[in-house]
Every structure is written in structure tokens, then in C-alpha cells.
Amino acid sequence: MTKRHGYALLAAICALVVAVSAAIYVGVGFDDSHETKTFASGRSTPHNPAAPASTGTWVGAWSAAPVGGEPGTETNGLAGRSVRNVVHTSTGGTSARITLSNLYGQQPLSVTHASLAVASAANNPAATADSMRRLTFGGNPSIVIQPGQQALSDVVRVTVPPNTDVLVTTYSPTPSGPVTYHPQARQISYTAEGDHTEDVTGEPYTTQTMYWRYVTALDVLSNESDGTVVVVGDSLTDGVTSTVNANRRWPDVLSQRLRDAAGSDDVPRYSVVNQGISGNQILAAGLGRPAENPSGLSRFQRDVLGRTGVKAVVIDLGVNDILRNPGRVNPETILAGQRKLVAQAHALGLRVVGATLMPFQGHRGYRDDREAVREAVNAQIRAGRVYDAYVDFDQALRDPYNPRRLRSDYDSGDHLHPSDKGYARMAEVFDLKSLKGAAPAEL
């Protein structure tokens with residue numbers, strides 16, 4: 001073989017190696033990506049050949065954790081009524097999809113008509129006419145969701161602005177049993193008699209409700225967000241005592257801060273979704289099958305790791321484990337539960353920011369031994385023995401003259417939940433840069 005032929009053969013072999021390597025890289029990148037794993041757990045982009053092609057990143061624009069079955073709906077559900085949920089976006093997008101849940105239903109939920117639209121004004125059931133979209137599921141305008149299951153809609157092309165209200169409406173003509181709901185919405189939604197799913201005037205929606213029903217997520221295809229921050233917590237995250245219809249929960253304020261600073265000074269471009277449940281504990285769950293108000297450990301996969309585009313997790317849980325377990329108050333059990341949550345997130349390479357537990361002296365559940373547990377848990381968090389980073393809500397909101405109590409202007413009056421000013425303070429002390437980066441997967 002001549003030297004020239006040898007060089008030609010070597011070049012051909014190198015080209016073949018490069019081509020094969022590229023094919024392997026593409027295959028591995030597709031099969032092993034976190035997004036694909038998330039899709040496999042029910043968060044996939046729906047097959048909808050009619051949806052126009054678009055670019056961007058799928059992220060969570062809003063979510064609410066399912067909590068239980070709505071009292072009074074055990075027999076008929078909301079048969080014959082249109083349910084118009086008002087949800088507030090943390091980021092905008094050019095396409096959207098929703099998730100409907102029948103987690104607490106005891107019989108199939110038949111949704112024959114569903115729609116999505118941008119509200120024409122804040123806190124109003126009227127829609128912007130050109131934004132009204134009929135939702136489909138696998139190309140069908142109706143769907144039957146079995147008990148304990150959820151359904152992801154097909155994608156609709158619609159401009160969804162950030163920091164705005166979106167109307168998600170469903171109609172079910174037949175009894176479905178208990179309605180899966182989120183009771184502490186701090187947001188007025190609406191119902192109407194009959195099928196008014198695509199009504200844009202809002203006039204038939206004469207009944208108000210403080211619940212979110214059926215809908216548990218709104219995702220958007222976004223060019224302004226690169227991922228989702230999931231905040232999981234209890235009533236402090238759920239926003240109990242915050243002003244109704246004002247979006248003053250602390251994750252709402254955090255979302256605004258991220259939007260204002262996005263892409264500057266090492267601040268990541270993330271949306272924020274709120275997975276708070278009032279009364280939630282890390283370790284204990286409520287009654288029923290499935291359990292109402294499920295424990296943080298039991299719902300973490302569904303409510304946190306299963307969110308669309310999740311990049312970082314914020315955990316603010318532990319106060320109810322102290323308040324609601326007389327005789328079993330132990331800092332080590334709480335810390336062990338927090339570390340289990342962190343380990344689950346780390347297994348997916350997600351960064352975890354934790355919060356110190358805020359004071360509650362003056363609340364009916366206060367006792368000196370419970371205060372000692374709170375301080376012991378906070379000491380471990382501050383020492384870096386629980387989370388990748390932490391936000392010190394305790395230090396930010398406590399009374400400087402009595403650190404066992406909330407500062408009076410940060411206290412809603414019950415000595416446990418913050419005022420609007422207190423919720424804003426929680427978001428203001430959050431280091432936005434602490435959300436950046438990923439934790440190495442723990443094998």
C-alpha cells in the first residue's frame with residue numbers, strides 16, 4: 001500500500017468514527033435527558049399534528065397541588081356546570097397545555113368540553129376573544145379521566161403573557177363523584193350552569209369560588225424562561241392570610257423578582273410554580289386512599305420532580321411536623337425527612353434550596369420544647385448539613401427583640417402566617433443566584 005493510499009484509508013476510518021460517535025451521542029442525549037424522563041412520567045409533549053411548529057422551552061407557568069376531594073361533591077361532582085378556573089402566570093409563552101386531575105375521584109370524570117383563554121382583565125371571568133382556544137386530548141374534544149389519574153391536553157398555539165390571568169374552563173355533563181380540588185387558592189374562580197366553556201363575555205359565570213378544581217398545571221412554550229423553579233411547602237407557601245386576588249404569596253413575589261432580573265448578573269431565567277399545601281407535613285399524611293393532604297415525602301415525585309422543565313427546587317417544610325405531633329417532636333426525624341427530599345432531587349441532578357423555619361411564639365401551638373426543635377433544625381440548615389443553599393426566613397422575619405416571635409409588621413395576626421409585607425420580605429431576602437447550577441447526580 002502506498003503512503004498516499006494509507007492516508008486516504010486513515011481519513012476514511014476517521015470519518016466513519018466521527019459519524020458513528022455523533023450518532024451515539026445524539027441517541028444517548030435523547031434517551032437519557034431529564035426532559036425525556038419527565039415525559040415518560042406523564043409530562044410529554046402531546047402528539048398533536050395540527051399544532052403549529054414553534055421554538056422555545058416547555059416550562060411551568062402555574063401549578064397547584066391536588067389536596068383532596070371537595071366536600072359536598074361526593075355524589076354528583078359538578079355535573080352540568082362549567083368550571084372556570086382563574087390562574088396567574090409566572091412566565092409567558094407562545095403555546096400552552098394544561099393538566100386535569102381526577103386523583104380523588106371515585107368514578108370516571110367525563111370532560112366533554114374544555115377551553116383555555118387569556119382573561120380580558122385581572123380577576124374577571126371574561127376572556128380576550130382572540131385568545132379563546134378549544135382544548136383537545138389526543139385530538140379529541142372530550143376525555144374520560146379514570147379515578148386516580150390525570151390527563152395532559154394537546155398543545156394549543158396562543159400568546160400567553162407573563163404575570164397575567166389565564167382562564168381554564170371545563171364542562172362535565174355527568175356525575176363524577178368527589179371533585180379533585182385545591183382549597184386555599186386565595187383566588188376567586190367561577191362556575192356557570194350549563195355548558196359555557198367557550199363563552200368570552202363571562203356573563204354566565206355568576207357563582208364565585210375560592211377553590212381551584214380539576215386543573216393542576218399550566219405549561220407554556222417559552223422564549224423567556226429556560227426552566228422551572230418548584231417551590232414546595234405548607235400554608236406559608238400556599239399563601240394563607242395573603243390578600244385574595246392580589247398574588248402576594250411569597251413565590252409570586254419571587255417570580256416577579258426573577259422576571260425583573262432574568263439573565264443579568266448570573267440570575268437564571270426561570271419560571272416559578274407553587275406546590276404549597278396548607279397544613280402539609282414532611283412525614284405524616286391525612287386520611288383516605290389516596291391520602292388527602294399527602295405528606296411531602298409521598299407527593300414529592302408527583303408534585304415536584306414531575307413538574308415540567310424543573311431545574312431547581314425550593315423546600316419550606318417542617319413547621320407542621322413540629323406543631324401537629326405532640327409527644328413526637330424530634331429534630332432528627334424532621335431533618336431526616338428533609339434530607340430524603342434532597343436526595344430524591346439530587347438523584348435527578350437538581351439543585352435544592354431550603355428555608356429555615358420561622359418563629360411562631362404566640363400561636364396556640366407554641367411550646368418551649370417545640371421552639372427548641374425549630375432552633376435545632378435551623379442550626380443544621382445554617383450549618384450546610386441539609387441543602388445545597390438556604391434562605392434564612394427565620395432571621396429575616398423574626399422580632400429582633402424576641403427572636404421566638406414574628407416581627408409585628410410581618411405578622412398577619414395569628415403569630416404563624418406572615419402579612420403581605422412579611423410574604424414580600426421572604427421573597428426579597430431570597431438570593432436569586434442560589435438557584436443557579438445543578439447538583440451532581442447521586443449514584
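1. Strand β11 contributes three residues, the largest share, to the lining of the second largest cavity. At least two lining residues come from each of β3 (81-88) and β11 (165-172). The model is predicted: local features require pLDDT of at least 70 and side-chain atom pairs count only at pLDDT 80 or more, while totals for chains, interfaces and linings use all residues. Residues are numbered from 1 along each chain as its sequence is written, and side-chain values use heavy atoms, without hydrogens and water.

2. The second largest cavity holds about 30 Å³ of space. Its lining consists of Leu 78, Arg 81, Val 83, Val 111, Thr 170, Tyr 171, Ser 172 and Tyr 214. By class, five of these residues are nonpolar, two polar and one charged. (Ala, Val, Leu, Ile, Met, Phe, Trp, Tyr, Cys and Pro count as nonpolar, Asp, Glu, Lys and Arg as charged, and the others, Gly among them, as polar.)

3. The count of cavities of 30 Å³ or more comes to two. On a 1 Å grid over the protein atoms alone, a cavity is a set of points where a 1.4 Å probe fits but cannot get out; a pocket is an open set with protein on both sides within 12 Å along at least five of seven lines; and lining residues have an atom within 4 Å of a point. Points are joined across faces, edges and corners, and the volume is the space filled by probe spheres set on them.

4. In the largest cavity there is about 40 Å³ of space. Ala 64, Ala 65, Pro 66, Thr 180, Tyr 181, His 182, Trp 212, Tyr 214, Val 215 and Thr 216 form its lining. The lining divides into seven nonpolar and three polar residues, with no charged ones. Strand β12 gives the most, three residues, and both β12 (180-182) and β16 (215-222) supply at least two.

5. Overall, the protein chain has 10 helices and 23 strands (DSSP runs numbered from the N terminus: H or I of at least four residues, and E of at least two).

6. The largest nonpolar core has 31 residues, and Trp 62, Ala 96, Ile 98, Leu 100, Leu 116, Val 166 and Leu 218 have the most contacts inside it. Another core lies apart from it, with 30 residues that include Leu 305, Val 319, Val 342 and Val 352. Such a core is a set of buried Ala, Val, Leu, Ile, Met, Phe, Trp, Tyr and Cys residues joined through side-chain atoms within 4.5 Å.

7. Beyond its neighbours within four places in sequence, Leu 116 is in contact (heavy atoms within 4.5 Å) with residues including Ala 96, Ser 131, Met 132, Val 158 and Leu 218. Across the protein chain, 80% of the contacts with a separation of 6 or more join residues 24 or more positions apart.

8. Ala 379 belongs to helix α8 (residues 368-382). It is partly exposed, with a relative accessible area of 39%. Its C-alpha atom is 8.6 Å from that of Thr 356, 23 residues away along the chain.

Note on methods: Buried < 20%, exposed > 50% of the residue type's maximum accessible area, 1.4 Å probe, protein only.
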